[in-house]
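Please look over the sequence and the structure shown here, and then read the briefing that follows.

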Amino acid sequence: MAAYFIFSHQVIDSDKLNNQYLPKAVETLKAYNPDILVVDQDIELIEGSTDHSRRVILKFKDKAEAKQWYNSPEYQAIIHLRLESVDGNAVLCDEFDLLAI
């Protein structure tokens, strides 16, 4: 079953995020070939509240593959660049299968 990494954050250092982290992060993703579904710097809030204006959603084959990417030595070597560039969170979710209920 597909799994989604959803990153929700407020950018605090756009130069570091865009010029240091993103090019390296894209390289780490190539071996896993996820679908990059959303990269939105200016989300439109419909309900509730959030201080996070940026969303990134990556679709992986399954949770195991998503965790393999996240925990890979290549990604762990650069994750500090993201954590220093944004304030936010990341969640990993399974795809919903309506036929499974």
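Helices (H or I, at least four residues) and strands (E, at least two) are DSSP runs, numbered from the N terminus, and Lys16 is found in one of them, helix H1. This is a predicted model, in which local features need pLDDT of at least 70, side-chain atom pairs count only at pLDDT 80 or more, and totals for chains, interfaces and linings use all residues. Residues are numbered from 1 along each chain as its sequence is written, and side-chain values use heavy atoms, with hydrogens and water left out.

**Two residues**

- Lys16 counts as buried because its relative accessibility is 19%, where buried means under 20% relative accessible area, exposed over 50% and partly exposed in between (1.4 Å probe, protein chains only).
- Apart from neighbours within four places in sequence, Lys16 is in contact (heavy atoms within 4.5 Å) with Tyr21, Leu81, Glu84 and Ser85.
- Leu83, which lies in helix H4 (residues 79-85), is exposed, with a relative accessible area of 52%.
- Between the C-alpha atoms of Leu83 and Ile6, which are 77 residues apart along the chain, the separation is 15 Å.

**The largest pocket**

- A pocket is an open set of points on a 1 Å grid over the protein atoms alone, where a 1.4 Å probe fits, with protein on both sides within 12 Å along at least five of seven lines; lining residues have an atom within 4 Å of a point.
- The largest pocket holds about 200 Å³ of space, and of its 16 lining residues the closest to the centre are Tyr21, Leu22, Ala25, Val56 and Leu58.
- Helix H1 gives the most to this lining, with six residues.

Methods:
Points joined across faces, edges and corners; volume = space filled by probe spheres on them.
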